[in-house]
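Student: I have a new structure to read. Can we go through it feature by feature?

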Amino acid sequence: MIYKGLSESQVEENRAIYGANILTPPAKEPLWRKFLSKFSDPLIIILLVAGVLSIGISFYEFIGLDKPMSVFFEPVGIFMAIILATGLAFIFELQAEREFAILNKVNDDEPVKVIRNSNTIQIPRRDVVVGDIVILSTGDEIPADGTLLEATSLQVDESTLTGEPICHKSTREEDFDHNATYPTNHLLRGTKVMEGHAIYVVKAVGDATENGKVFVEAQIDQSVKTPLNIQLEKLSKLITWASYTIAALIFVGRIIMYTIGQSADTAWDWVDFITYLLQSIMIVVALIVVAVPEGLPMAVTLSLAYSMRSMLKTNNLVRKMHACETMGATTVICTDKTGTLTQNRMSVREAHFYTPEGNILKELNDDDYSKLIAESIAVNSSASLDFSSQNPTPVGNPTEGALLLWLYASKAKYDYRDLKSGVKVISEVPFSTERKYMETTVLSAVKSKELSFLKGAPEIVLSMCEGVNETEIGEVLLGYQRQAMRTLAFAYRESNQDKYTFLGLVAIADPIREDVPGAVAECRNAGINIKIVTGDTVNTAREIARQIGIWQESDTDSAIITGPDFAEIPDAELSDRVEQIKIIARARPMDKKRLVEALQNNGHVVAVTGDGTNDAPALKAAHVGLSMGDGTSVAKEASDITIIDNSFTSIGRAVMWGRSLYQNIQRFILFQMTVNVAACLVVLAGAFLGTESPLTVTQMLWVNLIMDTFAAMALASLPPSSVVMKDAPRDRQSFIISRPMTWNIIAWGTTFFVLLTGLWYYFHYVDIDFDTPLSALMVPSVEAKPMLDSYECSLFFTIFIMLQFWNLFNARAFQTKRSAFHFKNCKGFLVIVAIIFFGQIGIVSFGGELFNVEPLSISHWLIVIFGTMPVLLIGELLRLKR
């Protein structure tokens with residue numbers, strides 16, 4: 001048939017009506033908006049409130065009390081903490097986006113053959129319009145959705161949309177598969193021609209294609225809160241409630257004490273009362289500022305950023321920082337089959353050929369009969385192999401390509417090119433769905449005579465052969481079919497024969513990735529359920545599930561369902577039903593998304609893996625979307641993490657990193673909340689005792705910003721532990737501060753408070769300077785001093801820091817069931833701990849008036865170091881006792 005195609009005016013008209021053939025990219029969020037979004041973190045909001053209050057008090061002190069500019073150190077430090085925490089998160093995610101952009105580059109300029117104005121021309125894919133007549137050949141990617149006009153032996157890989165690697169396409173109604181996901185005469189954008197050639201007319205382009213609809217659906221923001229966000233919101237509410245409540249009690253208490261202290265005979269002094277009132281407000285604000293863990297947002301950011309970079313080394317490219325931790329809370333993984341569990345590469349699983357003597361031949365050798373079998377496969381094939389890389393890859397029909405690879409992998413290393421060049425082709429009968437076989441007649445190089453080689457469906461080939469034990473072969477076939485493998489039969493005949501001589505069978509399948517069964521077992525042992533959602537048939541999906549350990553002998557038909565049946569389940573019944581389902585076969589893109597949303601409504605933390613465009617809506621809807629490195633651009637755009645090496649094992653590593661990361665964040669919260677409890681109580685005691693604050697603003701900023709930041713880095717650098725994979729997923733509703741953590745914080749915080757308050761009180765009765773010997777420290781003076789000098793303040797500050805320093809080791813060992821002295825693979829931790837220690841020496845030695853410190857003598861340093869070390873030793877004894 002002669003096709004005229006569109007004219008230039010029709011092309012422009014259709015482009016104006018239906019649009020260009022490009023997928024509209026998601027609107028890029030401006031950088032400034034991305035940065036501002038980091039300020040929505042609940043802990044950052046607390047810091048902003050504390051910063052504003054601190055600015056107000058600083059202005060009052062500077063203007064009203066005539067204090068120096070140093071009063072502004074506190075608000076400046078708080079806002080520095082905010083900028084550092086938000087800035088780091090922004091920079092790391094921006095860097096990941098740039099790496100992802102390189103990985104996910106899409107080319108819309110690929111040439112496409114179309115007929116326009118009765119001429120065949122090539123145009124960029126983006127210029128294809130509705131009504132264009134497109135010419136397709138083997139290997140072409142289909143540029144837009146359309147309807148077939150002509151098709152010859154057309155096989156299309158629809159795995160990106162349906163999971164089906166091979167779909168037969170035809171214009172003949174008798175060939176139509178009414179159970180297929182998409183009509184047999186329809187072609188879809190983004191799928192690929194594996195065999196044959198065709199001409200079709202474009203019916204939809206760009207966003208209007210099935211591929212485009214999925215892409216648009218994948219851009220819808222589901223606004224699913226991550227488990228860590230939920231936990232940090234709870235923590236911020238606790239800190240806010242506790243600090244404001246205590247502050248209010250202190251304020252009211254001080255007012256009551258002032259009122260009680262006023263004599264009934266004395267006139268009320270409003271000036272004195274207002275001064276006292278302002279002092280009380282300053283104490284309250286100082287307490288709130290001390291109570292807020294300024295270093296916590298930075299700690300969480302650093303922990304996530306460190307994990308983000310470290311996970312890249314394990315082939316997990318993390319695009320969104322919170323996805324690192326969310327993987328650790330995952331309770332269900334919904335995965336597709338093709339390309340994720342399997343290799344998306346057809347290969348010969350088993351061969352079953354019969355020798356003339358009646359023996360079974362499983363592998364080809366270098367003998368004449370093996371050569372005959374190799375010749376029959378090589379010459380009776382429409383596929384080829386690409387030898388441009390070290391490992392040859394099939395071109396054309398993947399099933400026939402698998403046969404050619406099998407020949408090349410045999411002991412004799414048969415090269416189909418040599419076998420084809422050695423024969424003279426006389427005639428060919430191509431494969432068709434009506435015949436279900438193909439035949440090639442050649443002048444054989446093996447037998448030096450004319451032979452006809454037959455290949456096709458076993459039942460058809462067997463019916464054309466003589467002398468066959470159909471019972472025996474039927475049992476072999478049944479075994480292969482139970483394993484959901486595709487089978488092909490082979491036969492040949494000489495020119496003077498009517499019947500064929502049966503050669504044998506091969507079983508072909510898309511093999512399971514080698515690492516998948518072990519990785520699935522690891523995830524299941526970690527308490528994570530795995531559900532398969534695939535476009536494959538029920539039998540194939542069940543067999544794959546059996547091979548990887550998901551489907552058990554005890555499972556019933558209620559554990560497997562087809563996409564159409566799943567779609568018919570009412571929403572009211574879905575929540576109960578999804579818990580039983582292990583497999584959805586013949587699934588469509590929205591089936592997977594609906595499954596994910598139903599599981600989320602049941603309280604599950606859901607991760608989704610996928611490599612096809614059909615997976616994109618579910619990837620976007622999930623708490624964590626995991627795309628494969630060789631997946632489609634739409635799938636990768638919708639995901640949070642890209643598995644670069646396509647390995648399911650990398651998913652297990654991501655879970656291990658996530659769980660270990662959560663524990664590290666818990667350890668830092670344990671460490672910092674202990675510091676804050678002790679500091680709050682010390683400031684509180686100073687306020688009620690009427691003395692100056694034991695810790696200055698700059699000293700507290702050193703603790704909360706610098707020391708705590710390094711402590712966060714130290715704890716974040718701890719390596720992940722495989723032990724966490726033996727635990728069940730944590731309850732996402734449970735508070736991030738567990739009961740053991742609460743008791744630990746209260747016990748050590750109170751202990752530090754008692755020790756520090758006692759020391760503060762004691763230092764008022766002794767005179768200490770650089771040269772004071774140890775013996776003089778044991779003899780207190782008779783009268784108390786009104787205030788401490790800078791050397792004594794330096795000593796008190798250093799004791800406070802060293803108590804926290806040793807407690808950092810306790811926090812590191814928390815819930816590890818190991819000693820704090822177990823330093824295997826902890827080089828980073830030791831380096832950062834050393835920086836903290838020598839940083840404190842530097843601050844005390846050179847901080848001067850800014851930190852209200854003086855250099856300490858070596859003897860006093862030794863007294864402080866060894867005098868505070870029992871914090872670690874007592875912690876070790878308690879761990880040993882447990």
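Tutor: Start with a term: buried means under 20% relative accessible area, exposed over 50%, and partly exposed in between (1.4 Å probe, protein chains only). T440 counts as buried because its relative accessibility is 2%. This is a predicted model, where local features need pLDDT of at least 70, side-chain atom pairs count only at pLDDT 80 or more, and totals for chains, interfaces and linings use all residues. Residues are numbered from 1 along each chain as its sequence is written, and side-chain values use heavy atoms, with hydrogens and water left out.

Student: Where does T440 lie?

Tutor: Helices (H or I, at least four residues) and strands (E, at least two) are DSSP runs, numbered from the N terminus. T440 lies in strand 15 (residues 437–443).

Student: Which side chain makes a polar contact with that of T440?

Tutor: A polar contact is a pair of N or O atoms within 3.5 Å; within protein, one must be able to donate a hydrogen and the other to accept it, and residues adjacent in sequence count only if both atoms are side-chain atoms. The side chain of T440 meets that of N380 at 2.7 Å. T440 and N380 are 60 residues apart along the chain, yet their C-alpha atoms are separated by 5.4 Å.

Student: How do I read strand 24?

Tutor: In a regular strand the side chains alternate between the two faces of the sheet. In strand 24 (residues 624–628), five of five residues are buried. V624, L626 and M628 point one way, G625 and S627 the other.

Student: Which strands pair with strand 24?

Tutor: Two strands pair if DSSP finds at least two bridges between them. Strand 23 (residues 606–610) pairs with strand 24 in the parallel sense over four bridges. Strand 25 (residues 641–643) also pairs with strand 24 in the parallel sense, over three bridges. There, I641 is the bridge partner of L626.

Student: Is K636 buried or exposed?

Tutor: K636 is buried, with a relative accessible area of 5%.
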